[in-house]
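Dear colleague,

I am passing on the structure below, followed by some notes on what was found in it. Please read the notes with the model open beside you.

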Amino acid sequence: MIFLRSSKKKCHVGFNARVILRIPSFFNSGLGDSIFYICRMNSTVDKTDIRALNKAQLKEWFVAHNEKPFRAQQVYEWLWQKSLKNFDDMTNISLPLRNLLKSHFVINHIKVDDMQRSEDGTIKNAVKLHDGRIVESVLIPTDKRITACISSQVGCSLDCTFCATARLKRMRNLNPDEIYDQVVTIKQQADEFFNRPLTNIVFMGMGEPLLNYKNVLEAIGKITHDEGLGMSAKRITLSTVGVTKLIKKLADDEVKFNLAVSLHSAIDEKRSKLMPINETNTLDELADALRYWYSKTKRKVTYEYVVWEGINDKREDAEALAKFCQIIPSKVNLIEYNPIDDGPYQQASPAAIALYERILGAHDVVVNVRRSRGKDIDAACGQLANKS
Ligand code: SAH
């Protein structure tokens, strides 16, 4: 199929077409600035990832190819519920139709490039995406749960000074299927290595999930849908640096999953040094967004908080946190610092942690002290940086 369009206008690319070539203007005698874009159907070179289509688009495609619309439902189930990687395994689809699908589409799946197991049972996957980029996802086993910690971006654009992923800078957002596949992989590993089901998902891997809002929500939609993995949204936690506008949007979108905010200091000046996002999304604005979140969802928030020696280990720091916790119902996870280099950050002393526990307790704030998992394989919070 060839479309002729004037310069700068985009070629109308349907879901089965791709712009593959731009012909130099000297071929365009008499056509002014016009440029040829060649869009190709049935291309074997540049096929569409079939999982980029939603069910309605898939139906449309089948109808356009003189097939019954219910085929879309069948293929959709193979793709999402059963996570098939090959059209040939779609046993209720006829051979000619499978071949037709193969000639138009590919199924892009992530591949586990490297898997490491920690002595505490934690598994870290270095996951290769279809363009060769790598992200990491982690399976964290405890007595009661198996949690998948998954990535939402390749690298990260936020410069949190204590985080290894920040050093990578942001390369791109993950697609919904790339997010979904990390969960599928860990679900299979939970079964294979622990003979237990995956119980929880946390968006605490690489990247800032709210800066990949649409794809993350689409992936969660599929993870929680009966036609996907059918997991409960209550078992999913999205962790954010605190992008205030987007916390409000989550509330407006009436999401059913949990929200965690990486706080690390409730004093603006200190927080801005740790997390530069705080310069434009200040604690007052964060408080405002969280009030909005609670007014709409009635769900409490979790604050992720590391206590560092000489940085935020004083009484005034703990008191500021206790005060911030009064804004809406909340709890605090005091997470252990996972060193990423010989930088200025050191885990605070047990006495400082005890001080936080006492002060938060005195203000009726629920606090959990979280031990790190998978440290020996650099799989702990903030250590994900493709070192494997
Ligand atoms: N961008 C999101 C999710 C990814 S980071 C967020 O910031 O919440 C997941 C968690 O790990 C965050 O709470 C983050 O502050 C924390 N973290 C980052 N680096 C860390 C480190 N070196 N040690 C301990 N926690 C770290």
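Helices here are DSSP runs of H or I with at least four residues, numbered from the N terminus. The structure is a predicted model, in which local features need pLDDT of at least 70 and side-chain atom pairs count only at pLDDT 80 or more, while totals for chains, interfaces and linings use all residues. Residues are numbered from 1 along each chain as its sequence is written.

T185 lies in helix α4, which covers residues 176-194. T185 is buried (20 or more other C-beta atoms within 10 Å of its own, with C-beta atoms placed from the backbone), because 23 other C-beta atoms lie within 10 Å. Leaving aside neighbours within four places in sequence, T185 is in contact (C-beta atoms within 7 Å) with V112 and N125. S137, 48 residues from T185 in sequence, is 9.3 Å away from it, C-alpha to C-alpha.

In helix α2 (residues 70-81), the residues R71, A72, V75, W78, L79 and W80 are buried, and the buried residues of α2 pack against α1 (55-64), α3 (95-104) and α5 (213-224). After α2 comes S83, which has a positive phi, near 50°.

Conventions:
Helices (H or I, at least four residues) and strands (E, at least two) are DSSP runs, numbered from the N terminus. A residue is buried if 20 or more other C-beta atoms lie within 10 Å of its own, exposed if 12 or fewer, and partly exposed in between; C-beta atoms are placed from the backbone. Two residues are in contact if their C-beta atoms, placed from the backbone, lie within 7 Å. The expected span of a helix is 1.5 Å times one less than its number of residues.
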